[in-house]
Amino acid sequence: MAKRIIRPQKSETGPLARRRSSEPAPLSRFRSEMERLWERFFGEAPREIFRPAAWTPSVDVIDGDREVTVRAELPGMGPEDVRITASGGVLTMSGEKQESREEKQDRFTRSETRWGAFRRSFTLPPGADPDRAEAEFDRGVLTVRMPKREGEQPRRIPVNRKQSS
Amino acid sequence: MAREEKPATPAGPEQIREGPHYHPDCDILERPDELIVRADMPGTGPERVDVRLENGVLTLAARIKDRHRDGGAPLHQEYGVGDYFRAFAVDENLDAGRISAEYADGVLTVRLPKSEAARPRRIEVRGKQ
């Protein structure tokens, strides 16, 4: 077995360490177990064998009083890699994370990051106006902000006391 | 919260993190003259990332600001907020003085050049005149 020049420190996986993965825990545990076995036999990290064809970036949807915010974690991607569409009250984000050509020849000692195509759709809460949506990429996080239509914002209805005659 | 004082041991770095932290996905590429460690750390920034090599342990740590200050109810929540942390034991055949790190588009890239002695070298064979 080849001597490893770099390897994860054992102490890094404490009880509080969480892996940023949207995969169900038993599945990702099984996957990492298989990958460890592969590495032990071949001295190299597996590239695609245990990876799903598509990946699922993590997304948050926040329903505010004035706007709806959708955030997606897309590290290593830029505005040119994503496409956002809205129709029929459904917001769809899709894109592809490309693997650079020069890296295809590289030897990967460890390979955990995801790449390939993704697609996610969300039903928008009532009132969100896709016509005025704005999207921005910052440090690998895509943020889509959608103001709510004026009429749809919560309005307080005054309650009057009926005058007794 | 009271914290136990632990001496730094050669086996690992001092544990100074509190609360939950996230384990960023990392790629490690090995090239003839260098190693490249790439970590997906979306939402942080160069000023909040800390890369260290101490006692043969490379640590990547990053603090993150709370992203949910916008107000409003989360309708759907998949990613939590917490600091990033990873540690790798590295061989001493690396040139510690020339390690460089860069943060772009949510990805931290650390380049660890191999020391002169560890690089593959081709020795020219000359014919005797």
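Tutor: B:Ile36 is buried, at 4% relative accessibility. Buried means under 20% relative accessible area, exposed over 50%, and partly exposed in between, with a 1.4 Å probe and protein chains only.
Student: Before we go on, what sort of model is this, and what are the ground rules?
Tutor: This is a predicted model: local features need pLDDT of at least 70, side-chain atom pairs count only at pLDDT 80 or more, and totals for chains, interfaces and linings use all residues. Residues are numbered from 1 along each chain as its sequence is written, chains are lettered from A and ligands numbered from 1 in the order in which they are written, and side-chain values use heavy atoms, with hydrogens and water left out.
Student: Ok. Which strand is B:Ile36 in?
Tutor: B:Ile36 belongs to strand β3 of chain B, residues 34-40. Helices (H or I, at least four residues) and strands (E, at least two) are DSSP runs, numbered from the N terminus.
Student: And what does B:Ile36 touch?
Tutor: Leaving out residues up to four places away in sequence, B:Ile36 touches B:Asp27, B:Ile28, B:Leu29, B:Arg31, B:Thr109, B:Val110 and B:Arg111. A contact here means heavy atoms within 4.5 Å.
Student: Which sheet includes β3(B)?
Tutor: An open sheet of five strands, in the order β7(A)-β2(B)-β3(B)-β9(B)-β8(B), with antiparallel pairing. Its edge strands are β7 (107-111) of chain A and β8 (100-104) of chain B, each of which pairs on one side only. The twist from one strand to the next averages 15 degrees, where axes are lines fitted to C-alpha atoms, for helices over the stretch in contact, and angles run from 0 to 180 degrees between N-to-C directions.
Student: How many bridges join β8(B) to β9(B)?
Tutor: Five, and the two strands run antiparallel; β9 of chain B covers residues 107-113. Two strands count as paired if DSSP finds at least two bridges between them. B:Ala104 sits opposite B:Val107 of β9(B).
Student: Switching to chain A. What's the overall fold pattern?
Tutor: Chain A has one helix and ten strands, and along the sequence the pattern is β-β-α-β-β-β-β-β-β-β-β. Of its 165 residues, 42% count as buried. For contacts in chain A between residues at least 6 apart in sequence, 55% join residues at least 24 apart.
Student: Where's a hairpin I can look at in chain A?
Tutor: Take β5(A) and β6(A), a hairpin with two residues between the strands, where A:Gly88 has a positive phi near 55 degrees. Strand β5 (residues 82-87) and strand β6 (residues 90-97) of chain A pair antiparallel over six bridges. A:Ser87 is opposite A:Val90 in β6(A).
Student: Which distant parts of the chain does the A:Lys148 and A:Asp63 pair link?
Tutor: A:Lys148 is in the segment after β10 (141-147) of chain A and A:Asp63 is in strand β3 (residues 59-63) of chain A, 85 residues apart. Their side chains meet at 2.7 Å, N to O. A:Lys148 is buried, with a relative accessible area of 9%.
Student: Which residue of chain B does A:Arg120 bridge to?
Tutor: B:Glu78, with the closest N and O atoms 2.6 Å apart. A:Arg120 lies in strand β8 (residues 116-123) of chain A and B:Glu78 in the loop between β6 (73-76) and β7 (83-90) of chain B, so the pair joins two chains. A:Arg120 is buried at 16% relative accessibility, while B:Glu78 is partly exposed at 29%.

Methods:
A salt bridge is a side-chain nitrogen of Lys or Arg within 4 Å of a carboxyl oxygen of Asp or Glu.
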